[in-house]
Amino acid sequence: MRTIALFTCVIVAGFSVGAYAATEVIHQQGRVFSAESVSIKKGDAVTFLNDDSVPHNIMSATKGNEFNLGSQAPGTSTDVTFKEAGDVQVICAIHPRMKMMVKVTD
Amino acid sequence: MPAPGSYRSCIVAGTVASAVLGALGFSTIGYGAAVVGESRKVEITQKAPSGIDALKAQYRRPASIPFPKDNPYTPEKAALGKKLYFDTRLSVTSAQSCASCHSPGFGWGDGLAVGVGHGMAKLGRHSPTIVNAAWSAIFMWDGRLPTLEDQALGPIQSPGEMNMKLDDLMARLASIPEYKPMFEASFPGQGIKAKTLAQAIATYERTVVSERAPFDVWIEGNEKAISEQAKRGFAVFNGKAQCAACHEGWNFTNEGFQDIGLPSSDIGRGEYLPAVIKMQHAFKTPGLREINRRSPFMHDGSLATLEAVIDHYDHGGVDRPSRSDLMRPLGLTAQEKAELVAFLKTLTSDLEPTAVPVLPR
């Protein structure tokens with residue numbers, strides 16, 4: 001029984017690592033993106049984690065990589081997978097000082 | 001002291017709400033090429049300021065005014081900008097200046113519910129104060145202009161406001177002999193242009209800073225500077241009422257856009273971000289400095305007193321999809337409301353009189 005439990009733990013842990021391995025995590029605490037810029041490969045994801053005390057509305061209007069997370073409550077994490085190469089300007093629609101660039105390469 | 005319990009319960013409520021929103025919103029988000037995955041609930045820890053001193057430190061006045069690198073301060077430019085700001089000849093009728101709607105007599109607003117423009121016609125929104133504009137990240141109630149220089153030229157040209165074509169204005173200013181040497185001293189070799197006009201006015205506007213108020217004296221350590229009631233109001237402001245979620249920092253704004261549930265048909269920021277639900281009916285959060293001199297309040301001037309403003313927030317406003325998730329009934333007691341008003345009144349300084357400049361002829 002203990003072996004099965006341990007085995008399950010290893011499998012779950014493995015999945016978790018797999019799920020996060022290719023993902024840059026961008027924090028939003030204090031109404032600031034944790035990085036001004038991140039570079040990723042086309043098809044990879046960026047995780048937008050609202051670890052702030054207020055809702056954010058992360059989005060991009062950059063052609064080919066548009067997205068809009070809508071109101072993202074504190075304690076919410078959302079992955080965005082970028083399909084087109086290029087520089088993607090990401091903003092918070094609510095807080096105009098929050099700006100960052102996702103550089104997507106082929 | 002803010003009530004940490006209320007903050008925590010808000011975060012818990014927010015987390016639950018996010019899970020629901022995530023489940024509901026998944027099918028509606030992701031309208032472009034980037035693919036939005038499902039939202040997950042995550043345990044987070046808030047770095048709330050530990051104690052009243054840490055909280056007060058967040059409200060300390062800055063030591064200097066920020067000027068942009070591409071339009072640095074010079075005394076000549078600020079002096080020219082002040083003359084232009086108060087010069088009614090910047091409007092087509094020669095009857096209105098910047099100061100007509102942004103007057104030092106009314107906390108650098110106009111004391112009216114909505115502004116009055118060309119031909120004495122009412123405008124759609126309340127004239128915002130220009131106090132502390134140097135610290136703004138974005139301009140106009142709907143955020144349509146990115147810099148103070150751009151903002152300075154907006155009302156001059158707007159047909160509903162000063163209604164002055166820039167080419168005509170340059171010709172008019174060039175015909176006033178005493179302006180030429182002032183432009184030359186401020187902008188050597190550049191002449192009287194829309195760009196130099198905007199830079200001069202913006203430079204002057206950046207010098208309009210709220211002076212030390214009783215609140216600042218308290219922040220600096222004088223416990224007698226404000227009443228005990230106002231101190232309790234500061235705690236309510238940062239705690240139960242959550243005012244500081246938007247009205248944060250020394251100028252009491254994070255420049256964010258929120259629909260606070262006022263029953264107005266004006267979509268505000270939504271005009272520029274039509275696909276973003278939360279930007280419909282959203283307006284820029286104003287700072288709260290010199291607030292006693294700036295009634296009536298809100299983007300539409302619809303609330304006459306601070307008491308009415310607090311009642312609005314306590315009620316939560318019109319519940320609609322665009323309304324900020326921070327807006328909800330607060331359950332403030334009459335005592336807490338009075339404490340909030342007492343606190344807000346400590347943000348007004350004894351403004352020095354502003355001398356109207358002698359204008360070039």
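Residues 24 or more positions apart account for 50% of the contacts in chain A that have a separation of 6 or more, where a contact means heavy atoms within 4.5 Å. Of the 106 residues of this chain, 48% count as buried; here buried means under 20% relative accessible area, exposed over 50%, and partly exposed in between, with a 1.4 Å probe and protein chains only.

A word on ground rules: this is a predicted model, in which local features need pLDDT of at least 70 and side-chain atom pairs count only at pLDDT 80 or more, while totals for chains, interfaces and linings use all residues. Residues are numbered from 1 along each chain as its sequence is written, chains are lettered from A and ligands numbered from 1 in the order in which they are written, and side-chain values use heavy atoms, with hydrogens and water left out.

**Chain A: confidence and layout**

Chain A averages a pLDDT of 85, and 79% of its residues score at least 70; pLDDT is the predictor's confidence in each residue, from 0 to 100. Over residues 6-21 of chain A the pLDDT is below 50, and beyond near neighbours in sequence this stretch has 1 contact in the model.

The secondary structure of chain A comes to 1 helix and 8 strands. From the N terminus on, its elements run α-β-β-β-β-β-β-β-β. Helices (H or I, at least four residues) and strands (E, at least two) are DSSP runs, numbered from the N terminus.

**The sheet of chain A**

In chain A, 5 strands form an open sheet in the order β2-β8-β7-β4-β5, with mixed pairing. Its edge strands are β2 (37-41) and β5 (67-68) of chain A, each of which pairs on one side only. Two strands pair if DSSP finds at least two bridges between them.

Let's follow strand β7 (residues 86-92) of chain A. With strand β4 (residues 58-60) of chain A, β7 pairs in the antiparallel sense over 2 bridges, and A:Met59 has A:Ile91 of β7(A) as its bridge partner. With strand β8 (residues 99-105) of chain A, β7(A) also pairs in the antiparallel sense, over 6 bridges. There A:Asp87 stands opposite A:Lys103 of β8(A), and a hairpin of 6 residues joins β7(A) to β8(A).

Strand β4 of chain A also holds A:Ser60, which counts as buried because its relative accessibility is 0%. What does the side chain of A:Ser60 reach at 2.7 Å? It is the backbone oxygen of A:Gln89. A polar atom of the A:Ser60 side chain also lies 3.1 Å from the backbone nitrogen of A:Thr62. For reference, a polar contact is a pair of N or O atoms within 3.5 Å; within protein, one must be able to donate a hydrogen and the other to accept it, and residues adjacent in sequence count only if both atoms are side-chain atoms.

**Helices of chain B**

Over in chain B, helix α3 (residues 75-85) and helix α8 (residues 194-206) pack at an angle of about 95°, with their axes 7 Å apart. Axes are lines fitted to C-alpha atoms, for helices over the stretch in contact, and angles run from 0 to 180 degrees between N-to-C directions. That angle makes α3(B) roughly perpendicular to α8(B), since angles under 35 degrees count as roughly parallel, over 145 as roughly antiparallel, 65 to 115 as roughly perpendicular and the rest as oblique. Among the residues making this contact are B:Leu80 and B:Leu84 of α3(B), and B:Ile201 and B:Tyr204 of α8(B).

Helix α5 (residues 148-157) of chain B is mostly covered, with 7 of its 10 residues buried. The buried ones include B:Leu148, B:Leu153 and B:Ile156. Among the elements covering them are α6 (166-174) and α8 of chain B.

**Backbone details of chain B**

Most residues other than glycine have a negative phi, and most peptide bonds are trans.

| Residue | Phi | Relative accessibility |
|---|---|---|
| B:Glu255 | near 65° | 3%, buried |
| B:Glu290 | about 60° | 0%, buried |

B:Glu255 is found in the loop between α10 (228-238) and β3 (257-258) of chain B. B:Glu290 lies in the loop between β4 and α11 of chain B. The loop between β4 (283-284) and α11 (306-315) of chain B is also the place of B:Pro296. A cis peptide bond, with omega about -5°, joins B:Ser295 and B:Pro296.
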